[in-house]
Amino acid sequence: MAIEAPATRPANPRFSSGPCAKPPVFTLDRLSDAALGRSHRAAIGKAKLKDAIENTREILGVPADYHIGIVPASDTGAMEMAMWSLLGARKATMVAWESFGSGWVTDVVKQLKIDAEVKTADYGDIVDLASLDFDTDVVFTWNGTTSGVRVPNGDAIPASREGLTICDATSAAFAMDLPWDKLDVTTFSWQKVLGGEAAHGMIILSPRAVERLESYTPAWPLPKIFRLTKGGKLIDGIFRGETINTPSMLAVEDYLQALEWAKSVGGLKGLIARADANAQAIHDFCAAKPWIANLANDPATASNTSVCLKFTDDRITDGAAFAKAVAKRMENEGAALDIGAYRDAPAGLRIWCGGTVETSDIEAMLPWLEYAFETEIAAL
């Protein structure tokens, strides 16, 4: 018997985990005030870059004595800048439970060759943060974008720590309540939770991180693109919008528009509520279906942005092929785009639930997920 397709499709089927869906109000004409053809060092360019920094501070609640900088190469560039500039003064602890965290481990252990203890957990689980030595420099992701597992809170990080905490928060910033007093270096990109354009990253430094930068010189040479100090002093201009290299003023305008939209939906609290509602719709769906489950084993650590799912039906013999077939069918039907699991992750799906996604679109997509599953099961 033919399986009946749902009657309604999502208004916006874009559920990619990066670049993520644009804010619902986005149109190209909203970028008409972009400083195109103007130098980023001209007054207009500097003003827009400074606005991007200060609006970020306002929405995220970043303390006034923390420095916020716009840096090249997205979150990857920001994390590499932090690790190359700050690590090596003391032993490091590298923490990973998904592919991006594993990448930072590789860079520190194999490239920088820093004395480091490596703590890992399988996809779906998380390292016990209470077991870490925070008198070392601890490097970790707040939200595992490719595993759908996040740090539930910062309680395990002691205020009296001797080491620095370096946190990749690219799929957490603007969707989770980050405890700034527990984070010394925080990085993220524009392309994630606010649906900005790619290639630009943000680095946020606590006073403790600045103290390290001004008192420690790494043993290795630093490329210009990573240098945060000059003559032993922080280059303050970077944190006023005087970027190391030339930014895209079109992307800057897009980020400014996304920040204004974020304010219109209630700022950080509003963004968190939107992401929570999106993720909850999927969690409720999984709870009602015996053939699919959240990849996160502990609900307390389940992400509200990069929700990763696994198929659990015993009839599936080739998990990777089945998941790809489901994702492909949903794309062909116009029900969901770019929802395949990350290439290094277990077979399954990954559905972005950040605040730029409408809950109504998640709810319209889920019947199509069941339709695709039943159709592909019937085809086995």
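Tutor: Two strands pair if DSSP finds at least two bridges between them, strands being DSSP runs (E, at least two residues) and helices such runs too (H or I, at least four), both numbered from the N terminus. The model is predicted, so local features need pLDDT of at least 70 and side-chain atom pairs 80 or more, while totals for chains, interfaces and linings use all residues. Residues are numbered from 1 along each chain, and side-chain values use heavy atoms, without hydrogens and water.

Student: What makes β13 and β14 a pair?

Tutor: Strand β13 (residues 306-311) joins β14 in the antiparallel sense over 4 bridges, where at least two are required; in one of these strands, β14, I351 is the bridge partner of V307.

Student: Why is one side of β12 and of β14 left without a neighbour in the sheet?

Tutor: The open sheet of 3 strands runs in the order β12-β13-β14, and because β12 (292-294) and β14 (349-352) stand at its edges, each has a single partner strand.

Student: What makes α2 largely enclosed by the rest of the structure?

Tutor: Buried means under 20% relative accessible area (exposed over 50%, partly exposed in between; 1.4 Å probe, protein chains only), and 11 of the 13 residues of α2 are buried, so the helix is largely enclosed. Among these buried residues are S74, D75, M81 and L86.

Student: Which residues does I362 touch beyond four places away in sequence?

Tutor: With contact meaning heavy atoms within 4.5 Å, I362 touches F15, N278, A281, I282, I351, W352, C353 and V357.
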